Amino acid sequence: MDFEKRLKHAINKGRAAKDEETRQEVGKRMSEEEFRNLHLQYRLELTEHIDSCLKKLADHFPGFQFSTVMGEEGWGSRITRDDVNLSRGKAQTLYSRLEMIVRPFTETHIIELVAKATIRNKETFNRSHYQFVAEADVQSFQDLMDLWILEFAEQFSFQS
């Protein structure tokens, strides 16, 4: 690496450290109500993205039922589907689902996304991702959701 590239890298690294320090200071100064409001804002954005993506996924695979999830566990959506496999004179029900929820606000001041996927009676993944509310990046959550949904779509189309 030549000196110019190393110099730019050092400058960017210093700026990133300064930005992180500033974010931490802002996080320390936020009140509990501000944390709640910020969590609510992020939750609304994320649940809208979940709804939109899962509806699109259900449109590509007829038979999936879309439903909204609202409860103590969190807010989000799920798609479910029951198939019947007839082999050797036996009927077997095959259950598939993808559920994504945003957990409720807690005193730990995190925003948490939980995803559970089952394809044809086999759990394919059960994942969780979180960030501190003061440092949260909604776009990174949306990118991760997209990745998980695309992974489910690929696996479901392969196994169907």
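**View A. Pairing of β1 with β2 in the predicted model.** Strands β1 and β2 (residues 74-87) run antiparallel and are joined by seven bridges. Across this pair, Met-70 stands opposite Trp-75 of β2. Strands pair if DSSP finds at least two bridges between them; strands (E, at least two residues) and helices (H or I, at least four) are DSSP runs numbered from the N terminus. The model is predicted, with local features requiring pLDDT of at least 70 and side-chain atom pairs pLDDT 80 or more, whereas totals for chains, interfaces and linings use all residues. Residues are numbered from 1 along each chain as its sequence is written, and side-chain values use heavy atoms, without hydrogens and water.

**View B. The open five-stranded sheet.** The strand order is β1-β2-β3-β4-β5, with antiparallel pairing. Because β1 (65-71) and β5 (122-132) are edge strands with a single partner each, one side of each has no neighbour in the sheet. From one strand to the next, the twist averages 20 degrees.

**View C. Helices on the sheet.** Helix α2 lies across β1, β2, β3 and β4, at about 25 degrees to β2. Helix α3 touches β2, β3, β4 and β5, and its direction makes about 175 degrees with that of β5. Angles run from 0 to 180 degrees between N-to-C directions of axes fitted to C-alpha atoms, for helices over the stretch in contact; contact means heavy atoms within 4.5 Å.

**View D. Surroundings of Leu-57.** Leaving aside neighbours within four places in sequence, Leu-57 contacts Ile-79, Leu-98, Ile-149, Phe-152 and Ala-153.
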